[in-house]
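Biologist: Please put the model on the screen, and I will ask about it piece by piece.

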Amino acid sequence: MSDSFAKPRLASSTGGLPSAVGWAQLMMEDRLRPGDAVLDATAGNGHDTLFLARLVGAGGRVWAFDVQEPAVLETRRRLGAAGVHQATVIHAGHETMREHVPMEFHGRLRGIMFNLGYLPGSDKTVITHTETTLQALTSAIVLLAPDGLLTIAVYPGHGGGADEQRAITEWAAALSPSAYEVQLIRPINRSASPPECWAVWKRG
Ligand SMILES: C[S@@+](CC[C@H](N)C(=O)[O-])C[C@H]1O[C@@H](n2cnc3c(N)ncnc32)[C@H](O)[C@@H]1O
């Protein structure tokens with residue numbers, strides 16, 4: 001058995017099943033193609049932005065948002081170090097995404113990732129908030145292309161996270177099944193409030 005087969009690339013740090021973000025990345029990898037236009041709603045340290053930029057390649061487009069200047073700078077640094085130029089990192093809340101993504105891309109984004117909560121290793125008081133998260137999700141499904149994929153990594157375990165999770169559950173449950181397919185992946189044999197991955201597919 002080859003080494004790469006023995007160790008799944010997107011296994012969690014324990015070597016087990018993928019994390020919430022790992023699932024989101026797997027699904028994006030499966031669907032995105034070079035030249036696609038995509039959006040990272042929570043740039044943070046830029047890992048997901050770089051991941052998306054690599055999937056869509058030099059001919060693609062990426063917009064990334066964060067409210068924290070250090071996150072914006074770190075994401076730009078990471079992209080620059082990787083020689084990536086197809087990404088635009090915007091220092092603004094994701095609730096403003098419709099104003100920042102050019103009109104000709106509205107309804108054309110093939111992938112949108114949200115990785116909620118706070119930035120690991122940074123100011124844990126800067127977190128995503130239910131009201132702006134819902135505004136951003138409402139915009140995101142407008143910007144999404146038919147056959148496009150929206151993923152949301154949700155962390156109910158931190159302060160405010162459970163409210164955000166409840167609101168996302170209500171929002172997702174209200175999406176018309178004739179227009180969207182929605183799935184939730186989460187660990188079920190852990191006692192606390194484990195991170196979960198939501199996937200919303202817009203019917204083509
Ligand atoms: C879990 S981290 C994101 C991690 C990131 N995707 C990565 O690959 O490193 C969540 C990020 O959301 C950001 N954030 C909080 N409120 C936001 C908002 N309204 N709009 C955009 N980003 C926001 C935080 O500043 C933080 O950097």
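**Ligand, helices, core and loop**

Modeller: This is a predicted model. The shell around the ligand holds five nonpolar, 12 polar and three charged residues.

Biologist: How many residues surround the ligand, and which are the closest?

Modeller: The shell has 20 residues. Helix H3 (47-56) and strand E2 (61-66) are the elements that each give two or more residues to this shell. The closest residues to the ligand are Thr-42, Gly-44, Asn-45, His-47 and Gly-93.

Biologist: H3 also packs against helix H4 (residues 69-81). At what angle do H3 and H4 pack, and what is the hand of their crossing?

Modeller: The axes of H3 and H4 are 9 Å apart, and the angle is about 35 degrees. The crossing of H3 past H4 is right-handed.

Biologist: Which residues make the contact of H3 and H4?

Modeller: By class, the contact of H3 with H4 has three nonpolar residues, two polar and one charged. From H3 come Thr-49, Leu-50 and Ala-53, and from H4 come Thr-75, Arg-78 and Leu-79.

Biologist: Which residues have the most contacts inside the largest nonpolar core?

Modeller: In soluble globular proteins, nonpolar side chains tend to be buried together. The largest nonpolar core here has 47 residues, and strand E5 (residues 144-154) gives the largest share, six residues. Those with the most contacts inside this core are Val-38, Leu-39, Ala-41, Ile-112 and Ala-140.

Biologist: Which residues does Ala-41 touch, leaving out those up to four places away in sequence?

Modeller: Ala-41 is among the core residues with the most contacts inside the core. With those sequence neighbours left out, Ala-41 touches Phe-65, His-94, Met-97, Ile-112, Met-113, Phe-114, Ala-136 and Ala-140.

Biologist: Asp-147 is in strand E5. Is Asp-147 buried or exposed, and what is its phi?

Modeller: Asp-147 has 11 C-beta neighbours inside 10 Å, so Asp-147 counts as exposed. Most residues other than glycine have a negative phi. Asp-147 is a residue other than glycine with a positive phi, near 75 degrees.

Biologist: Where is Gly-159, and is Gly-159 buried or exposed?

Modeller: Gly-159 sits in the loop between E5 and helix H7 (161-173). A residue with 12 or fewer such neighbours is exposed. Because Gly-159 has 10 C-beta neighbours inside 10 Å, Gly-159 counts as exposed.

Biologist: How far apart in space are Gly-159 and Ile-127?

Modeller: In sequence, Gly-159 and Ile-127 are 32 residues apart. In space, their C-alpha to C-alpha distance is 9.2 Å.

Key
Residues are numbered from 1 along each chain as its sequence is written. This is a predicted model: local features need pLDDT of at least 70, side-chain atom pairs count only at pLDDT 80 or more; totals for chains, interfaces and linings use all residues. A residue is near a molecule or strand if its C-beta atom, placed from the backbone, lies within 6 Å of it. Helices (H or I, at least four residues) and strands (E, at least two) are DSSP runs, numbered from the N terminus. Ala, Val, Leu, Ile, Met, Phe, Trp, Tyr, Cys and Pro count as nonpolar, Asp, Glu, Lys and Arg as charged, and the others, Gly among them, as polar. Axes are lines fitted to C-alpha atoms, for helices over the stretch in contact, and angles run from 0 to 180 degrees between N-to-C directions. A crossing is left-handed if the near helix is turned anticlockwise from the far one by less than a right angle, and right-handed if clockwise. Two residues are in contact if their C-beta atoms, placed from the backbone, lie within 7 Å. A nonpolar core is a set of buried Ala, Val, Leu, Ile, Met, Phe, Trp, Tyr and Cys residues joined through C-beta atoms within 7 Å. A residue is buried if 20 or more other C-beta atoms lie within 10 Å of its own, exposed if 12 or fewer, and partly exposed in between; C-beta atoms are placed from the backbone.
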